[in-house]
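Please open the model in your viewer and keep the selection panel at hand. The stops below are meant to be followed in order.

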2 protein chains.
Amino acid sequence: MTSNSNDSVIFVGDKQPMSYVLAVITQFQKGAKEVFVKARGRLTSRAIDVVEIVKNKFIKDVKIGEVKISTEQMKGEKGDVNVSVISISLTK
Amino acid sequence: MTSNSNDSVIFVGDKQPMSYVLAVITQFQKGAKEVFVKARGRLTSRAIDVVEIVKNKFIKDVKIGEVKISTEQMKGEKGDVNVSVISISLTK
């Protein structure tokens with residue numbers, strides 16, 4: 001696995017939550033001090049699930065920092081659509 | 001409409017987001033200083049949509065305060081299930 005400056009951002013997509021839980025744990029094991037879990041649209045609820053599973057089942061001492069919500073414009077089939085975005089900071 | 005101490009909490013459910021947007025606006029019009037938008041499970045993404053619509057389309061000077069995420073145990077058909085919860089504070 002290559003290392004780059006985006007390593008500590010996990011974008012939550014359509015896979016099972018556990019895939020992203022493992023991705024977060026891996027980042028901390030590789031020495032990350034802060035990991036951001038991000039998602040768009042209906043997947044924002046999955047990002048919250050991922051963070052709660054990490055905290056409750058795997059890394060009990062992880063701290064949930066700032067939870068930011070915002071809106072991004074994305075190009076849809078019928079023009080631009082507004083999509084909600086979440087970014088959750090996790091630190092050890 | 002009757003007034004009680006829960007007036008400033010809006011629970012987001014299965015209706016269209018605009019129903020909850022209007023509920024939030026109504027609370028502020030009735031003099032609420034702080035309104036909490038809460039939701040559980042997959043509806044947490046709808047709570048974020050509601051807050052973003054209020055802020056971007058209706059009450060431009062509303063401030064998004066603390067966004068709390070947590071887990072609640074709910075009784076499901078096959079025993080207890082963990083459900084993610086979001087609570088978003090809005091102030092004017």
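Leaving aside its neighbours within four places in sequence, with which residues is Val24(A) in contact? Select Val24(A) and display Ile10(A), Val35(A), Val37(A), Val50(A), Val54(A) and Leu90(A), which are its contacts once those neighbours are set aside, contact meaning heavy atoms within 4.5 Å.

Before going on, note that this is a predicted model, in which local features need pLDDT of at least 70 and side-chain atom pairs count only at pLDDT 80 or more, whereas totals for chains, interfaces and linings use all residues. Residues are numbered from 1 along each chain as its sequence is written, chains are lettered from A in the order in which they are written, and side-chain values use heavy atoms, with hydrogens and water left out.

Of its 48 residues, Val24(A), Ile86(A), Val24(B) and Ile86(B) touch the most other members. Buried here means under 20% relative accessible area and exposed over 50%, with partly exposed in between, for a 1.4 Å probe and protein chains only.

Strands are DSSP runs of E with at least two residues, helices runs of H or I with at least four, both numbered from the N terminus. S2(A) runs parallel to strand S1 (residues 9–11) of chain A, to which three bridges join it, and Val9(A) has Phe36(A) as its bridge partner. With strand S4 (residues 79–91) of chain A, S2(A) pairs in the antiparallel sense over seven bridges, pairing requiring at least two DSSP bridges; here Arg40(A) stands opposite Val85(A).

Move to helix H2 (residues 44–58) of chain A, whose end C-alpha atoms are 21 Å apart, in agreement with the 21 Å that its 15 residues should span at 1.5 Å a residue; the expected span is 1.5 Å times one less than the number of residues. Among the buried residues of H2(A) are Ala47(A), Ile48(A), Val50(A) and Val54(A).

Conventions: Core = buried A, V, L, I, M, F, W, Y, C linked by side-chain atoms within 4.5 Å.
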